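Open the model in your viewer and keep the selection tool ready. This tour goes stop by stop.

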Amino acid sequence: MKVIKKSIIKESISPTDFNQLNLKFSCQDCSYYIHPEKLCCLGYKTEPHLLKNQMNLYNKCGQLIFCRFLEID
Ligand code: SF4
């Protein structure tokens, strides 16, 4: 039996969309983010969604990782 590993889905975002739309994609935009500790109060892994890491990914390959639980007040 072949085991299929799940991985984080990265979405390609055009530079036009990135510059024109006010996208919210980082933990720092999210109501569940605990700023000083860099933690998610829902217990999810924040590292892939931290602004610095998202920008590094976008600058490298034009993709972002959207957390499905991101909440904006
Ligand atoms: S819900 Fe997602 S975006 Fe929000 S703090 Fe947790 S990991 Fe980050």
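Below is a list of selections and what each one shows.

**The whole chain**

Start with everything displayed. This is a predicted model. The chain has 73 residues, and 12% of them count as buried. Its C-alpha atoms fill a box of roughly 45 × 30 × 20 Å along the principal axes.

Now colour by secondary structure. Read from the N terminus, their order is β-α-β-β-α-β. Then look at the contacts between residues at least 6 apart in sequence: 56% of them join residues at least 24 apart.

**The N-terminal side**

Select Lys2. Lys2 sits in the segment before strand 1, which spans 11-12. Is Lys2 buried or exposed? Lys2 counts as exposed because 3 C-beta neighbours lie inside 10 Å, and the cut-off for exposed is 12 or fewer. Draw a distance from Lys2 to Phe69. Their C-alpha atoms are separated by 30 Å, and the two residues are 67 apart along the chain.

Move on to Pro15. Pro15 belongs to helix 1, residues 15-20. Pro15 has 9 C-beta neighbours inside 10 Å, so Pro15 counts as exposed. Next, draw a distance to Tyr32. Pro15 and Tyr32 are 17 residues apart in sequence, yet 28 Å apart in space, C-alpha to C-alpha.

**The ligand**

Select the ligand and display what surrounds it. Which residues are there? The shell includes four cysteines by name: Cys27, Cys30, Cys40 and Cys67. Tyr32, Tyr33 and Tyr44 are also around the ligand. Leu42, Thr46, His49, Phe69 and Leu70 complete the list. Colour this shell by class. It has 10 nonpolar residues, two polar ones and no charged ones.

**The loop between strands 2 and 3**

Select Lys38. Lys38 lies in the loop that links strand 2 (33-34) to strand 3 (39-40). Check the backbone here. Phi of Lys38 is positive, near 55°, in a residue other than glycine. Lys38 counts as exposed, because 12 C-beta neighbours are found inside 10 Å.

**Helix 2 and its end**

Select residues 51-61. This is helix 2, and it is hardly covered. How many of its 11 residues are buried? The count is one.

Step to the residue that follows helix 2. That is Gly62, whose phi is positive, near 70°.

**After strand 4**

Select Ile65. Ile65 is found in the segment after strand 4. Ile65 counts as partly exposed, because 16 C-beta neighbours lie inside 10 Å. That number falls between the cut-offs of 12 or fewer for exposed and 20 or more for buried.

Show the contacts of Ile65, leaving out residues up to four places away in sequence. Ile65 touches Ile8, Lys10, Pro48, His49, Gln54 and Leu57. Stay with Ile8 for a moment. Ile65 and Ile8 are 57 residues apart along the chain, and their C-alpha atoms are separated by 7.3 Å.

**Last stop**

Select Glu71. Glu71 lies in the segment after strand 4 (63-64). Why does Glu71 count as exposed? Glu71 is exposed because 12 other C-beta atoms lie within 10 Å.

Show the contacts of Glu71, again without residues up to four places away in sequence. Glu71 touches Cys30, Ser31 and Tyr32. To finish, draw a distance from Glu71 to Ile34. These two are 37 residues apart in sequence and 13 Å apart in space, C-alpha to C-alpha.

Key: Residues numbered from 1 in each chain as written. Predicted model: local features only at pLDDT ≥ 70, side-chain atom pairs only at ≥ 80, totals over all residues. Helix = DSSP H or I, 4+ residues; strand = E, 2+ residues; numbered from the N terminus. Contact = placed C-beta atoms within 7 Å. Near = placed C-beta within 6 Å. Nonpolar A, V, L, I, M, F, W, Y, C, P; charged D, E, K, R; others polar.
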